[in-house]
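Here are my notes on the model, as numbered points. Please read them with the structure open.

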Amino acid sequence: MHLRSFEVGPLDAVPHERYPFTLPLVRARPRIEFSTPVTFFVGENGSGKSTLLEALACASGLPTAGEHETDRDPTLAPARELAAVCRTAWSKKTRRGLFLRAEDFFGFAHRMARLRADLVDERRQLDKSLERSSPLARSLARGAVNKELGALQSRYGEGVDARSHGEAFLEFFRDRFVPDGLYLLDEPEAPLSPLRQLTLLSLLQHMLSERAQFVIATHSPILMALPGAKILEFAGNSIRPVAFDDVEHVRITRSFLARPAAFLNRLHTTSEPDDH
């Protein structure tokens, strides 16, 4: 366990009329205790779970998988403001691990593709500028570029953008999950089929044996089923621990799968316009 707690501090000096300080949850100044290696944030869209996770990422200073680090990402400006008034408690602070939002992964894939293209172009320019030089001089000049290209090929093969989103996403996790790390993940199930969510679940279980800690905002009942995980439900201005069977997402999914026709008929009936 690295991270022990996270709480929103005094809000006297913050702009109350500006997001995220307009959120009821933030105004309530919640405190979260991390007592298990895996903590899930669950709740409806807009409940504040991603906002707090982003603020936690900014306060932790973990590396990201996006286009920018947390201290420079323009989309995280509100989260940085919130992080500035938050407090974290650690048993041992770490820079091992990462913060990942599902949408950031695609920016990462594009960044890797651009890096590969830039290196290939640099090698081409070197060859052109050294065409009158000896083979040994050309080889030495190309050495650093070839080394970087080789490292990309070794780590990502044909490139994370050359595979399906789900396959690339899982391969990214396999490559970046390391022992004793802290991982803050926002809806990692987004590009994954149910079968691949089960693969991710298995990977999370494996990393727990490697002393990793996870805080995950998710809508996925499959991920929430991880044994021993703590599930925190965000609703209104409160955060409360909830059992897996009592999570609203789990109950709705079970009800629908048990009787899909009846469920859809009920939705159709309640959505019909009133003749009067």
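1. A residue is called buried here if its relative accessible area is under 20%, and exposed if that area is over 50%. The model is a predicted one, and the points below should be read with that in mind.

2. Strand 6 (residues 182–186) is covered on both faces: Leu 182, Leu 184 and Asp 186 are buried on one side, and Tyr 183 and Leu 185 are buried on the other. Because five of its five residues are buried, strand 6 is largely enclosed by the rest of the structure.

3. Which strands pair with strand 6? Strand 5 (residues 97–101) runs parallel to strand 6 and is joined to it by five bridges. Within this pairing, Leu 185 of strand 6 has Leu 100 opposite. Strand 7 (residues 213–217) also pairs with strand 6 in the parallel sense, over five bridges. Here Tyr 183 has Phe 214 of strand 7 as its bridge partner. Between strand 6 and strand 7 the chain passes through helix 7 (residues 194–208), and this β-α-β crossover is right-handed.

4. Tyr 183 and Phe 214 also belong to one aromatic cluster, together with Phe 169, Phe 172, Phe 173 and Phe 177.

5. The aromatic pairs in the model come to seven. One of them is Phe 41 with Phe 234, a tilted pair with 4.9 Å from centre to centre and 50° between the planes. Phe 41 is in strand 3 (residues 38–42) and Phe 234 is in strand 8 (residues 230–235), so this pair ties together parts that lie 193 residues apart in sequence. Both Phe 41 and Phe 234 are buried.

6. Phe 173 and Phe 177 form a stacked pair, at 5.0 Å centre to centre and with 25° between the planes. Are these two residues buried or exposed? Phe 173 is buried, because its relative accessible area is 0%. Phe 177, at 7%, is buried as well.

7. On the surface, Phe 256, Leu 257, Leu 264 and Leu 267 make up a nonpolar patch, and their accessible area together is about 390 Å². Helix 9 (248–258) and helix 10 (260–271) are the elements that give two or more residues to this patch. Leu 257, which lies in helix 9, has a relative accessibility of 61% and therefore counts as exposed.

Definitions and conventions
Residues are numbered from 1 along each chain as its sequence is written. This is a predicted model: local features need pLDDT of at least 70, side-chain atom pairs count only at pLDDT 80 or more; totals for chains, interfaces and linings use all residues. Side-chain values use heavy atoms; hydrogens and water are left out. Rings of Phe, Tyr and Trp (its six-membered ring) pair if their centres lie within 6.5 Å; planes under 30 degrees apart count as stacked, over 60 as edge-to-face and the rest as tilted. Helices (H or I, at least four residues) and strands (E, at least two) are DSSP runs, numbered from the N terminus. Buried means under 20% relative accessible area, exposed over 50%, partly exposed in between (1.4 Å probe, protein chains only). Two strands pair if DSSP finds at least two bridges between them. A crossover is right-handed if, with the strands pointing away from the viewer, the path from the first strand over the helix to the second runs clockwise. Patches are made of residues with over 30% relative accessible area and no salt bridge: like charges are joined within 9 Å, nonpolar side chains (Val, Leu, Ile, Met, Phe, Trp, Tyr) within 5 Å. Accessible areas come from the Shrake-Rupley method with a 1.4 Å probe; for residues, only the protein chains shown count as cover. A salt bridge is a side-chain nitrogen of Lys or Arg within 4 Å of a carboxyl oxygen of Asp or Glu.
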